[in-house]
Amino acid sequence: MKRNSTVVNRIGAGFVALFFFILPANVLAGVAVSPIQQWVKVKPGRNAYFSIHVGNNKRGPETRPCPVKVEVLDFAVSAQGGLSFGPEHKHRRSAVEWISFSDSEMVLEPGESKEIKFKVSAPVDADGDYWAAVMVGLGSSKKLQNGIQVNLQTASGVFVHVARRNYIERGSVIDANVILPEFDMADNLTEKNAWEQVSKDIQKEQVLKVNAELKNDGLVAFLARGKAYLYSEGWHRIATVPLHSSRRRIFPGHTRRFTGTMTQPLPAGRYKLRVFFASDSKYERKITRDMELLVSDDLAHQWAENFIDDDTKTLEVKPQKISLSLNPGRFTTARFQVANRGLSTVATRCRIEADGVKEGWLELKSPDFTLAPNMQRSAICSVRVPKDAQPGKYNAVIHVEMERSGLTAQNRRNTEQYEIPVCIVVDAPDMYTVSK
Amino acid sequence: MKNLAKVLLLAGLCVTARLAFGADPGPDSATCVVNVTVTQIIEWEGDAYADIDLADITAQDDPETGFSVYTLWINCNVSLTADNTIAAELDNTGDVPPGTDTLVTEYYVDYDGDGAGTTGGTDTTYATYDNFISGGSAITHVDNDGAVEITLYARASNDSDNVADAGDYTCTQTLTATWTSD
């Protein structure tokens with residue numbers, strides 16, 4: 001019986017391989033993957049289960065069957081936040097060997113979707129956070145004779161938490177430095193009308209840059225947020241620089257680079273700089289590192305001469321208003337985009353002010369975030385209308401408070417506030433009449 | 001007299017019961033709230049499986065370019081990563097007989113949206129295979145725009161002071177759509 005099933009499996013694999021080989025070019029196919037990340041809790045020595053849905057959406061008559069390959073892979077996160085996948089990135093907190101499933105290769109017909117079930121078996125000595133990725137790849141064409149073969153794939157992150165006890169987040173700043181602005185005399189901007197001709201690259205060099213690398217020394221991942229504070233010699237705070245990283249979640253053993261930039265010029269003198277990190281959790285621990293810097297007379301002079309304050313209106317927030325028409329019991333999400341159009345890093349804090357909307361109706365996911373220069377991000381507001389909500393109009397306001405890096409002295413305004421009105425119209429539920 | 005009272009009481013009960021159970025009940029109404037939660041979804045759709053064909057390089061200073069277009073259907077922010085290993089560098093090791101030479105292989109991506117008004121991201125510029133979107137390229141989802149068209153451009157050229165060996169050069173570039181951090 002076992003031999004028969006092996007033969008059947010081999011024949012099946014052969015058909016899939018044949019399909020991969022003979023699939024004609026220029027046909028439309030695709031694969032949808034959901035969810036794209038999930039957290040799985042498991043006790044030491046126990047099993048837990050999760051699933052991933054894959055589907056080949058029928059988008060028209062031209063949609064063709066799609067061969068799909070599913071693998072569980074290790075991944076690494078670089079200090080810059082880039083992800084790399086593959087067995088070569090195996091690490092000591094890998095969950096790959098704990099995860100088992102069947103159906104690693106399949107062909108999805110147009111309109112067909114499938115739930116792939118995974119089992120996580122945690123060893124008895126497991127402790128803390130472990131991770132892996134489920135990689136779903138579209139079948140690729142036959143090998144090219146020349147040129148570039150392009151493979152498309154989707155990674156779904158699986159984060160396994162083995163809870164033995166409460167964990168304390170531990171981190172350390174393993175590297176920090178300050179890069180002072182560079183001014184090439186050839187690119188001197190004393191003539192303001194030359195501003196248009198100066199490339200963005202040169203402008204990017206004419207800022208104070210703070211780099212810091214944070215390492216997670218604990219057993220659980222945490223979401224880090226960082227700032228750098230600049231002090232005069234008497235420890236009077238004179239400037240704040242929010243620090244940005246493309247991935248705030250740092251896994252045990254990983255390091256992440258945070259960068260902050262400030263365009264406003266500093267007067268000549270000696271300064272102390274404190275890099276400060278905290279996490280989003282209630283067990284947060286503050287992590288700091290101090291350093292010193294010197295701004296020479298020449299540099300201060302050039303910096304002040306070349307400085308053009310273009311950060312006056314840094315943020316762009318869209319849309320101006322969120323209007324929703326919902327039935328009682330409805331759960332949905334609304335998004336708004338926040339863009340940083342300046343050259344300084346920006347810390348953004350969003351909060352909801354209820355103005356008729358009841359508590360619990362609106363919730364912001366990740367309300368605190370930092371934006372690098374010329375970066376944008378969409379923020380999610382989940383909306384949950386209770387089943388017993390009365391028809392009517394309900395209002396709220398999303399406040400977006402922004403603090404850009406800059407001098408806090410000299411009465412400078414480094415903060416901006418935006419308001420996004422939210423209007424929810426709760427409709428009367430549709431009535432369905434049953435006549436006898 | 002006593003019996004008559006009992007009979008009348010029984011008759012009254014019967015009439016009441018008939019009125020209660022036999023009357024037209026009128027329309028019944030029921031409300032039904034239908035809720036569906038949509039999870040975060042990523043869907044690749046390709047002009048399957050469009051690879052990038054490059055014309056022959058016929059001179060030392062004759063870079064060849066090509067591109068391919070893919071659609072990514074998303075309802076959340078995602079990050080796009082590429083393969084930065086030598087698998088994405090054009091070489092002639094698959095040639096017959098196998099060679100040992102490589103071409104300078106560069107890529108960039110272009111989005112049909114900028115992530116502000118429409119779903120998309122910031123276009124990149126040509127970078128060698130080992131630096132191409134090495135920190136990931138952020139794609140921002142905008143409500144009511146569920147698709148972004150991604151064009152992958154590739155350029156193959158000889159080293160500045162060298163001419164690559166004659167032969168067929170191939171490589172594989174892998175684009176991965178991944179989750180973003182909070």
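In the predicted model described here, Y271(A) stands opposite L293(A) in strand 19 of chain A. Strand 19 (residues 287-295) pairs with strand 18 of chain A in the antiparallel sense over 9 bridges, where pairing requires that DSSP finds at least two bridges between two strands. Because this is a predicted model, local features need pLDDT of at least 70 and side-chain atom pairs count only at pLDDT 80 or more, while totals for chains, interfaces and linings use all residues. Residues are numbered from 1 along each chain as its sequence is written, with chains lettered from A and ligands numbered from 1 in the order in which they are written.

The secondary structure of chain A comes to 3 helices and 30 strands; helices (H or I, at least four residues) and strands (E, at least two) are DSSP runs numbered from the N terminus. Of the 436 residues in chain A, 35% are buried, a label given when 20 or more other C-beta atoms lie within 10 Å of a residue's own, with 12 or fewer making it exposed, anything in between partly exposed, and C-beta atoms placed from the backbone. Among contacts in chain A between residues at least 6 apart in sequence, 76% join residues at least 24 apart; a contact here puts two C-beta atoms, placed from the backbone, within 7 Å. In chain B, 35% of the 182 residues count as buried, and residues 24 or more positions apart account for 73% of the contacts with a separation of 6 or more.

Chain A is divided into domain 1 (2-162), domain 2 (171-306) and domain 3 (315-426), with bounds that come from an automatic or database domain assignment. The contact between domains 2 and 3 of chain A takes 17 residues from domain 2 and 16 residues from domain 3. On the domain 2 side, helix 2 (200-205), strand 15 (237-243) and strand 17 (255-262) of chain A each supply at least two residues. Strand 15 of chain A gives the most to that side, with 7 residues. The residues on this side of domain 2 divide into 7 nonpolar, 7 polar and 3 charged; in this scheme Ala, Val, Leu, Ile, Met, Phe, Trp, Tyr, Cys and Pro count as nonpolar, Asp, Glu, Lys and Arg as charged, and the others, Gly among them, as polar.

Strand 15 of chain A deserves a further look. Of its 7 residues, 5 are buried, so strand 15 of chain A is largely enclosed by the rest of the structure. Strand 15 of chain A pairs with strand 14 of chain A in the antiparallel sense over 6 bridges, and G226(A) stands opposite L243(A) in strand 15. These two strands of chain A form a hairpin with 5 residues between them, and W235(A) in the turn has a positive phi of about 60 degrees. Strand 15 of chain A also pairs with strand 28 (residues 406-407) of chain A, in the antiparallel sense over 2 bridges; here A239(A) stands opposite L407(A).

Strand 14 (residues 222-231) of chain A also pairs with strand 18 (residues 269-279) of chain A, in the antiparallel sense over 8 bridges, with Y231(A) opposite K272(A). A224(A) is found in strand 14 of chain A and counts as buried because 23 C-beta neighbours lie inside 10 Å. Leaving aside neighbours within four places in sequence, A224(A) is in contact with residues including G171(A), L214(A), I250(A) and F277(A).

In an open sheet of 5 strands, the order is 21-29-27-23-25 (chain A), with mixed pairing. Its edge strands, strand 21 (322-326) and strand 25 (368-371) of chain A, each pair on one side only. Strand 21 of chain A pairs with strand 29 (residues 415-426) of chain A in the parallel sense over 5 bridges, and I322(A) stands opposite V422(A) in strand 29.

The largest nonpolar core has 98 residues, and V31(A), V120(A), V158(A) and V160(A) have the most contacts inside it; such a core is a set of buried Ala, Val, Leu, Ile, Met, Phe, Trp, Tyr and Cys residues joined through C-beta atoms within 7 Å. Domain 1 and domain 2 of chain A both give residues to this core, so it lies between them. Apart from it lies another core, of 25 residues, among them C381(A), V385(A), A389(A) and V422(A).
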